[in-house]
Amino acid sequence: MAIQNSPPSNLVVMDANYLSRVIFRRQLLSKHTSAVHGILPAGHAAVLELYTYLLGTYLPARYPTMFELLTGNNGATVLFHNKITNHTSTISPPLSSPLDMLRILAETIEDDMFLLLRDDTKDGPATGEHRAVAFVCCHPAGFAPAKKLGKTLAEIHEPVPAYERIGASMEKYFGRLEMGKGPRFALAPGYEHKAFIPFSAVFSSSPDPSRHSIARARAISLHPHHLILDREWQGSRNVFFDYLVVATGTRLAAPGTMPSDDKLSSVDYLQSYQREIQIASSIAIIGGGAVGVQMACDLKELYPSKTVTLIHSREHLMPAFHPGLSNLIKSRFTELGINLVTNNRVLIPADGFPKPSDSSTPAPFSIHLQPTTSSTNPQTLSTDFAILATGQTPNTAFLQTLALYQPLSPSSPSEAPSSDQTNGDTILTSRGFIPVFPTTQFASPLYPHIFAVGDAADSGAHKAARPGAAQAGIAARNIAALIARNTRNVIFRNPNVAEGETEPVVKLKDE
């Protein structure tokens with residue numbers, strides 16, 4: 001399919017003809033009102049989110065000579081001012097009418113758009129189709145946009161020949177799009193409250209939610225058949241189990257991991273971090289993996305006037321991938337104006353980098369670089385703010401209480417060592433991850449009933465949500481099979497005549 005990710009700068013474009021075109025759009029909206037823009041009640045939240053982001057965050061930062069944010073006379077109102085048209089709109093508190101917000105969007109940017117949401121009321125969250133809940137379309141080509149409002153993707157594309165061949169793929173594509181792929185919560189103001197997923201709906205799809213429980217606690221030690229928590233839960237700190245899945249993930253340097261356990265404190269933390277970034281004139285990002293690369297691009301998209309520098313210890317960015325990807329990223333850095341320093345390691349102070357003061361004046365400090373090749377000398381770099389993007393640390397310290405053993409290279413449980421092969425090595429890899437078999441079971445004969453999925457598992461998969469979800473399904477099916485005792489497999493192989501074999505190989509396996 002001809003679909004690819006694009007940054008906002010490729011979607012929202014401004015040029016010298018901006019004024020004449022938005023004036024024409026305003027005339028179309030006035031004359032053809034409901035024919036060129038509309039909204040369903042289900043689309044109100046989506047329009048508010050888009051309105052708040054574009055007018056309250058993106059446009060003033062990306063095009064400061066065209067748009068600006070103002071404070072109302074009472075100090076409690078935030079206004080969006082279009083310097084080109086001299087129109088002003090309220091951002092906070094938002095307008096009461098979502099249709100008015102949609103109209104202002106249509107009069108501010110030149111792009112036509114349809115907003116789609118998955119219709120979870122029809123077939124449930126897993127199978128609901130995507131439906132058009134709002135639209136702005138001043139320049140349709142051969143169709144009436146108002147007639148598409150409220151229709152699913154399949155209904156919208158009904159006139160398209162052979163659409164049924166790709167319809168399922170289209171739904172799957174939209175269904176797999178992940179939220180938060182825009183600017184990160186620590187960078188873009190106004191979204192930090194959406195960074196947290198409540199526990200209330202975790203078991204809502206279960207036939208009997210009362211069978212399940214959530215314990216808000218930390219695991220401090222794991223034993224073969226019980227877990228010890230840092231606080232009491234249901235009258236005890238011990239949780240006994242027949243089967244266990246470890247999905248404790250990893251933690252990142254600030255701002256990737258919250259210092260508090262509650263939402264309100266975490267929202268305050270993200271807002272404070274955003275203010276520190278806004279004050280800084282220059283920002284250094286340390287680490288050239290996926291997180292560092294995305295944060296660098298997001299920052300330059302949001303704040304094009306800031307000096308953004310990414311420092312990486314190797315020559316290639318995102319080294320887990322083909323070097324061709326690094327070349328593409330470097331090209332994009334050049335387009336955005338991001339400075340890149342490679343083959344240098346940052347000497348991080350024991351107490352971290354200086355924090356910005358409470359004043360609105362940046363306080364520059366020096367970052368000391370150590371070359372990783374012999375071709376350059378040590379140097380220093382001045383910046384107002386530093387962001388660490390130096391990788392993940394698995395949350396697996398509580399596993400140190402398990403009996404120690406020598407893990408094998410994961411291949412299958414049948415090849416695991418016997419318990420007398422324990423030699424005192426840690427259960428974890430040298431980086432602290434959990435070795436697992438393809439079944440997601442711990443790679444040890446001692447713990448066939450303990451599984452690990454997601455970022456904490458040394459599975460060979462990328463540390464991302466999609467592989468983690470697939471691993472969770474594998475673990476669930478294998479646990480169900482173990483419970484049902486439906487665990488015996490048979491390996492059958494024809495005799496190898498070339499080796500003189502006359503009988504087939506039959507091998508029973510218990511997994």
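Author: Arg-332 and Glu-335 are both in helix H10, and because they are 3 residues apart, about one helical turn separates them. Helices here are DSSP runs of H or I with at least four residues, strands are runs of E with at least two, and both are numbered from the N terminus. The model is predicted, so local features need pLDDT of at least 70 and side-chain atom pairs count only at pLDDT 80 or more, while totals for chains, interfaces and linings use all residues. Residues are numbered from 1 along each chain as its sequence is written, and side-chain values use heavy atoms, with hydrogens and water left out.

Side chains of opposite charge can pair when their charged atoms come close. The term salt bridge is used when a side-chain nitrogen of Lys or Arg is within 4 Å of a carboxyl oxygen of Asp or Glu. Arg-332 makes one with Glu-301, where the closest N and O atoms are 3.0 Å apart. Since Arg-332 belongs to helix H10 (residues 323-336) and Glu-301 to helix H9 (residues 290-302), this pair ties together parts 31 residues apart in sequence. Arg-332 and Glu-301 are both buried; a residue is buried under 20% relative accessible area, exposed over 50%, and partly exposed in between, using a 1.4 Å probe and protein chains only.

Arg-332 also forms a salt bridge with Glu-335, with 2.7 Å between the closest N and O atoms. Glu-335 counts as exposed because its relative accessibility is 58%.

Distant parts of the chain are linked here, as Arg-21 is in helix H2 and Glu-110 is in the loop between helix H4 (98-108) and E5, 89 residues apart. Arg-21 is partly exposed because its relative accessibility is 32%, whereas Glu-110 is buried because its relative accessible area is 19%. By the rule for salt bridges, the count comes to 11.

Helix H2 (residues 18-36) also contains Ile-23. Ile-23 is partly exposed because its relative accessibility is 37%. Leu-19, Ile-23 and Ile-84 make a nonpolar surface patch of about 210 Å². Patches consist of residues with over 30% relative accessible area and no salt bridge; like charges are joined within 9 Å, and nonpolar side chains (Val, Leu, Ile, Met, Phe, Trp, Tyr) within 5 Å. Areas are calculated by the Shrake-Rupley method with a 1.4 Å probe, and for residues only the protein chains shown count as cover.

Aromatic rings come next. The whole structure has 8 aromatic pairs. The pair of Tyr-53 and Tyr-58 is tilted because the planes are at 35 degrees, with ring centres 6.0 Å apart. Tyr-53 and Tyr-58 are both buried. Phe-114 and Phe-135 are stacked because their planes are at 20 degrees, and their ring centres are 5.6 Å apart. This pair connects distant parts of the chain, with Phe-114 in strand E5 (residues 113-118) and Phe-135 in strand E6 (residues 130-136), 21 residues apart. Rings of Phe, Tyr and Trp (its six-membered ring) pair if their centres lie within 6.5 Å; planes under 30 degrees apart are stacked, over 60 edge-to-face, and the rest tilted. Phe-114 is partly exposed because its relative accessible area is 30%, while Phe-135 is buried at 1% relative accessibility. Tyr-18, Phe-67 and Phe-80 are linked by ring pairs into a cluster.

A charge may also sit over a ring, meaning that NZ of Lys or CZ of Arg is within 6 Å of the ring centre and within 35 degrees of the ring normal. Arg-62 lies over the face of Tyr-63, 4.9 Å from the ring centre. Lys-306 lies over the face of Tyr-303, 5.0 Å from the ring centre.

As for the whole protein, the secondary structure comes to 11 helices and 24 strands. Of the 511 residues, 36% are buried. Among contacts (heavy atoms within 4.5 Å) with a separation of 6 or more, 58% are between residues 24 or more positions apart.
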